[in-house]
Every structure is written in C-alpha cells, then in structure tokens.
Amino acid sequence: MGDGQGRVAVVTGGVSGIGQATVSYLLEEGWRVVVIDLDTPALAAARAVFSGRKDVRVEALDVTDEARVDRLIETIDQSFGPIHGVVNSAGIAADHHLFNTSAALFRKILDVNVIGTFLVGRAAARKMAERGTGAIVNIASISGLRGSKGRSAYGASKGAVVTLTQVMANDLAEHGLRVNAVAPGPIETPMVKAVHTDADRELYHRFTPMNRYGEPREIASVVAFLLDEKRASYVTGEIIAVDGGYRGAGIIVRD
Ligand SMILES: NC(=O)c1ccc[n+]([C@@H]2O[C@H](COP(=O)([O-])OP(=O)(O)OC[C@H]3O[C@@H](n4cnc5c(N)ncnc54)[C@H](O)[C@@H]3O)[C@@H](O)[C@H]2O)c1
C-alpha cells in the first residue's frame with residue numbers, strides 16, 4: 001500500500017480536471033477517496049467508472065450548501081471512515097473586464113470558491129480535530145497571487161483562498177491539522193478550455209518560462225505531497241505555485 005495507507009480523503013470538484021486527476025493520484029497512492037461534485041452527468045460517469053470499488057465513494061453535493069456540507073461530512077466520517085485529508089478543488093471561473101463584472105457574478109464566484117472551500121474545510125476539520133491529525137489542501141490560483149487581466153472576481157476569490165488557507169493553518173495547528181494551498185498556473189482542464197481564448201493561450205505561453213500549459217496530474221502530485229503526513233509533516237500555511245515558473249518570472253528570453 002502507498003502513502004495513503006487506506007486513509008480517507010475527500011476531494012471536491014472531483015469529477016473534472018484537477019480534482020479528477022487528484023482522485024486518481026490519491027487512489028494510486030493507497031488512499032480511500034470520496035469524490036464530491038454537483039455535475040449530475042459527470043457524477044453518473046464517475047459512478048460507472050468506480051462501480052464495484054470499495055475504496056471510492058461518489059457523492060452529489062453543492063459545496064455552498066452549509067447544512068448539506070455538514071451532514072455529508074458527518075455521514076462520510078461515520079460510515080466510510082475517519083477523514084484524514086481534504087482537497088478543495090471545486091471552483092468556477094469567469095474572465096471579464098472590470099466594467100463587465102456584475103455584483104451577481106462576483107458574489108457567485110466568491111460563494112463557490114471561498115465560502116465552499118471554507119464550509120468543507122471547517123466541517124472536515126471539526127472531525128479531524130477530534131483525532132488530532134489530518135490535512136487540508138485548497139486549490140488557489142496564480143490569479144490569486146498576481147493581478148491577472150479580467151480576473152477581478154476570480155482573482156479576488158483566489159486571493160481570499162490564500163488568506164483563508166493561512167488563517168486555517170493558524171487556527172488548526174493546535175488541533176494537529178495542517179492546511180496548505182496549491183496555486184496552479186494554466187492547466188489543461190475543461191475550465192481552461194471554456195475560459196481561455198487563443199489570445200489568452202498565446203499570452204500564457206509568452207509569460208511562462210516553461211512555455212507550456214501544465215497537466216492536471218502535475219497539480220495532483222503536489223497535492224498528494226502536501227496531504228502526506230510523513231513527507232510534508234512540517235509544512236503548513238504554505239502556498240505552492242505550480243505554474244511552470246510564471247510567478248517567479250521577470251523578463252523571459254526566448255531563442
Ligand atoms: N485549470 C486551471 O488552469 C486552474 C488554474 C488555477 C486554479 N484552478 C482552480 O483549480 C480548481 C479546479 O479547476 P479545474 O480547472 O479542474 O476546473 P473544472 O471545471 O474542470 O472542475 C471544477 C469542478 O468543480 C465542480 N463544481 C463547481 N461548482 C461546484 C459546487 N458549488 N459544488 C461542488 N462542485 C462544484 C464542477 O462541477 C467541476 O467538476 C478550481 O478551484 C480552479 O479555480 C484551475
């Protein structure tokens with residue numbers, strides 16, 4: 001058995017993109033995984049893929065629904081096994097100039113990306129704190145670390161995820177829990193296919209030293225490291241950019 005040692009991890013946004021790759025990676029590492037999402041067709045497809053497997057459970061949940069989040073986390077902890085890890089990958093994005101960003105869109109993005117991350121993290125942390133061990137990894141973004149164009153709502157939501165991660169790490173350290181975030185650069189997922197125009201792609205290539213988009217699995221491997229209590233035992237409150245060098249870049253020289 002791998003680093004997961006049969007422990008239970010909950011992955012939100014687990015039927016697509018980064019969340020889906022994280023589910024696969026954690027299963028390979030020997031975790032038992034609860035896949036959470038609200039996309040009904042994709043949930044059905046995931047149930048078909050994992051049917052008959054005792055190490056996976058697939059659950060429908062809107063992470064912004066406080067009462068249902070609390071109930072489902074309690075049920076998972078009681079009936080599937082004590083939760084040891086949480087990955088908050090559920091998220092939504094939109095790319096609009098400031099003038100074209102409505103308050104309704106801004107609120108919706110904050111609700112899913114920030115409140116959803118807070119609710120799932122809080123509910124699971126309450127259970128993990130009872131046992132004094134566990135880890136949470138939030139998926140932030142380089143758009144929460146830098147002022148990317150057209151990202152007033154999305155960027156602000158991810159900036160909030162960064163600060164939320166640091167505060168949670170602070171509040172939960174005394175309970176034996178670690179909380180970290182991964183800030184992905186451009187990663188080839190359905191979200192990016194929906195949001196990035198050809199012009200965006202050209203810009204990301206130009207400003208990323210590694211001159212390519214990342215693969216979801218390249219995020220999943222860092223998430224797995226942060227969840228692992230042996231390899232990342234003294235890492236908490238940290239934001240790791242996994243971005244092909246985007247955040248650290250100055251002038252990029254190309255031949
Ligand atoms: N792809 C990128 O380049 C990139 C870069 C930086 C950060 N991120 C972040 O990574 C995370 C995953 O993104 P992705 O690219 O894999 O996107 P994706 O759209 O492929 O997957 C996101 C999943 O979250 C689910 N989801 C949305 N709202 C939900 C809700 N209220 N409750 C439960 N599930 C919900 C969606 O149904 C979807 O399955 C997001 O938080 C995103 O902001 C992505």
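Student: Is T189 buried or exposed?
Tutor: T189 counts as buried, at 7% relative accessibility. Keep in mind that this is a predicted model.

Student: Where is T189 found?
Tutor: T189 sits in the loop between β6 (177–184) and α6 (190–195).

Student: And what does T189 touch?
Tutor: Leaving out residues up to four places away in sequence, T189 touches G17, I18 and P216.

Student: New topic, helices. At what angle do the axes of α4 and α5 cross?
Tutor: Roughly 15°. Helix α4 covers residues 103–131 and helix α5 covers residues 152–172, and their axes come within 8 Å. That angle makes α4 roughly parallel to α5.

Student: Why give me both an angle and a distance?
Tutor: Two packed helices are described by the angle between their axes and the distance between the axes.

Student: Is the crossing of α4 and α5 left-handed or right-handed?
Tutor: The crossing of α4 and α5 is right-handed.

Student: Which residues in α4 and α5 meet?
Tutor: On the α4 side they include F106, I109, L110, V114 and F118. On the α5 side they include Y154, V161, L164, M168 and L172. N113 and R122 of α4 are also among them, as are S157 and K158 of α5.

Student: How many residues of each class are in that contact?
Tutor: The contact of α4 with α5 has 14 nonpolar, 5 polar and 2 charged residues.

Student: Switching to rings. How many aromatic pairs does the structure hold?
Tutor: It holds 2 aromatic pairs. One of them is Y204 with Y213, and that pair is edge-to-face. The centres of Y204 and Y213 are 6.1 Å apart, with 75° between the planes.

Student: Are Y204 and Y213 buried or exposed?
Tutor: Y204 and Y213 are both buried. For Y204, the relative accessible area is 13%.

Student: What about the rings of Y204 and Y246?
Tutor: The centres of Y204 and Y246 are 6.1 Å apart and their planes are at 40°, so this pair is tilted. Y246 counts as buried too, at 14% relative accessibility.

Student: Where do Y204 and Y246 lie?
Tutor: Y204 lies in helix α7 (residues 198–207), while Y246 lies in the segment after β7 (239–242). The pair therefore ties together parts that are 42 residues apart in sequence. Y204, Y213 and Y246 form one aromatic cluster.

Student: Back to α7. Where is R206, and what is R206 in contact with?
Tutor: R206 is in helix α7. Leaving aside neighbours within four places in sequence, R206 is in contact with I252 and R254.

Student: How many residues apart are R206 and R254 in sequence?
Tutor: They are 48 residues apart in sequence and 9.1 Å apart in space, C-alpha to C-alpha.

Student: Is R206 buried or partly exposed?
Tutor: R206 is partly exposed, at 43% relative accessibility.

Student: Last topic, the backbone. What is the phi of Q5?
Tutor: Q5 has a positive phi of about 50°, although Q5 is not a glycine. Most residues other than glycine have a negative phi.

Student: Where does Q5 lie?
Tutor: Q5 lies in the segment before β1 (8–12). Q5 is partly exposed, with a relative accessible area of 45%.

Student: And what is the phi of N211?
Tutor: Near 55°, a positive value in a residue other than glycine. N211 is in the loop between α7 and α8 (216–227). N211 counts as partly exposed, at 36% relative accessibility.

Terms used: Residues numbered from 1 in each chain as written. Predicted model: local features only at pLDDT ≥ 70, side-chain atom pairs only at ≥ 80, totals over all residues. Heavy atoms only, no water. Axes fitted to C-alpha atoms, helices over the stretch in contact; angles between N-to-C directions. Helix = DSSP H or I, 4+ residues; strand = E, 2+ residues; numbered from the N terminus. Parallel < 35°, antiparallel > 145°, perpendicular 65-115°, else oblique. Left-handed = near helix turned anticlockwise from the far one by under 90°. Contact = heavy atoms within 4.5 Å. Nonpolar A, V, L, I, M, F, W, Y, C, P; charged D, E, K, R; others polar. Phe/Tyr/Trp six-rings, centres within 6.5 Å; stacked < 30°, edge-to-face > 60°. Buried < 20%, exposed > 50% of the residue type's maximum accessible area, 1.4 Å probe, protein only.
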